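Here's a quick walk through a few spots in this protein that are worth a look on screen. Have the structure open and follow along.

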Amino acid sequence: MQTNFLSQQFNAGSLAENSTACPANATICDGTSCVLPEDNFNQTLSVILSTVLTIMLALVMFSMGCNVELNNFLGHIKRPWGIFVGFLCQFGIMPLTAFLLSLAFNILPIQAVVVMIMGCCPGGTASNVIAYWVDGDMDLSISMTTCSTVLAMGMMPLCLFIYTKMWTDSDAIVLPYDSIGLSLVALVIPVSFGIFVNHKWPSKAKIILKVGSIVGAVLIVLIAVVGGILYKGSWIISPKLWIIGTIFPAAGYTLGFFLARIAGLSWHRCRTVSLETGMQNTQLCSTIVQLSFTPEQLELMFTFPLIYSIFQLLFALLILGGYRLYRRHRVKTKTDVEKTAQKEDSKSSAKINGGFVSDEMK
């Protein structure tokens, strides 16, 4: 009995000594390689918040659909020049930018792969909300999001095969086609209902749109906060990934805008393409990463999708703020010009009518 007690003490002491190499709450430890657990609290919180966020997202996309004119939407499908430009940005510019950033910063192969996965993901639904706030083309925005999600079924494997050969076997990356399909369903069904409501009851659709746009803004911030809570134990990663996570979305917004402008699209469509290019489906990226890599590998790059998500939101809000300031200044200037022109017209007509000028015109 005494021997067993001493043995238990020794084992407990050994475990205590070994635990110094890893955090006390780590579940998988191999030397200094540790992964923090998704404890019961996190699992419960994740399920609850995922349910709430899914419902909110469906409502937001329903409200965004209330701003889509069926004829305009079908027009983009029949004459898909804007969608084609968006396709070049989404599956041309973004994967190439991811590849060049990975080479420029000389990051680890496993980290380069996650950056490439992010670059190959389709556009996220948050872009539709921001596009509404910057007076973008909502018909183009939603058609681009839908088409990029559909095309991701084939373009993601192709892009990953082309760009990741130097770092890993592309067959090792598991693409969750069911998640892509669910994203598509979650987008198409609510938007379709919204388009129907806008077609039948346009006055009610405007009210739904205003409410949904506010809920959408709250949802975008909420997703970022939730990510920070659920993955708070994984923030210690390479500074290079932080830098790439900052540059990458900014490059997507900028390059998308300029390519759209070179392609001859109007200004409001350029803003739309820019947002659709820079705002990626980060939830899909996180799912692919978790399915494809071991816990030891996840430690090196698991938080990158969240970092990208934060900075893509930050730059989107800066674009929104800049556009709102520009619009306010432009409207104010335009009003002043109109008043001046009106005043001059009144004075000139006063000369013709005998020189009478009212006090308001002076």
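Start with Leu 100, which sits in helix H4, residues 81–105. Keep in mind that this is a predicted model.

Next, the backbone. Most residues other than glycine have a negative phi. Two residues here go the other way:

| Residue | Phi | Relative accessible area |
|---|---|---|
| Asn 106 | near 50° | 61% |
| Asp 135 | near 55° | 28% |

Where do they sit? Asn 106 is in the loop between H4 and helix H5 (109–120), and Asn 106 is exposed. Asp 135 is in the loop that links helix H6 (126–133) and helix H7 (138–163), and Asp 135 is partly exposed.

Finally, the record. An unreviewed UniProt entry annotates "transmembrane region" over several spans, including 83–105, 112–134, 140–163, 241–263 and 306–326. What does the model show for the last two of these? Residues 241–263 are 96% helix and 0% strand, with end C-alpha atoms 32 Å apart. Residues 306–326 are 100% helix and 0% strand, and their end C-alpha atoms lie 30 Å apart.

Definitions and conventions. Residues numbered from 1 in each chain as written. Predicted model: local features only at pLDDT ≥ 70, side-chain atom pairs only at ≥ 80, totals over all residues. Heavy atoms only, no water. Helix = DSSP H or I, 4+ residues; strand = E, 2+ residues; numbered from the N terminus. UniProt positions renumbered as here; feature names shortened; annotations may be inferred. Buried < 20%, exposed > 50% of the residue type's maximum accessible area, 1.4 Å probe, protein only.
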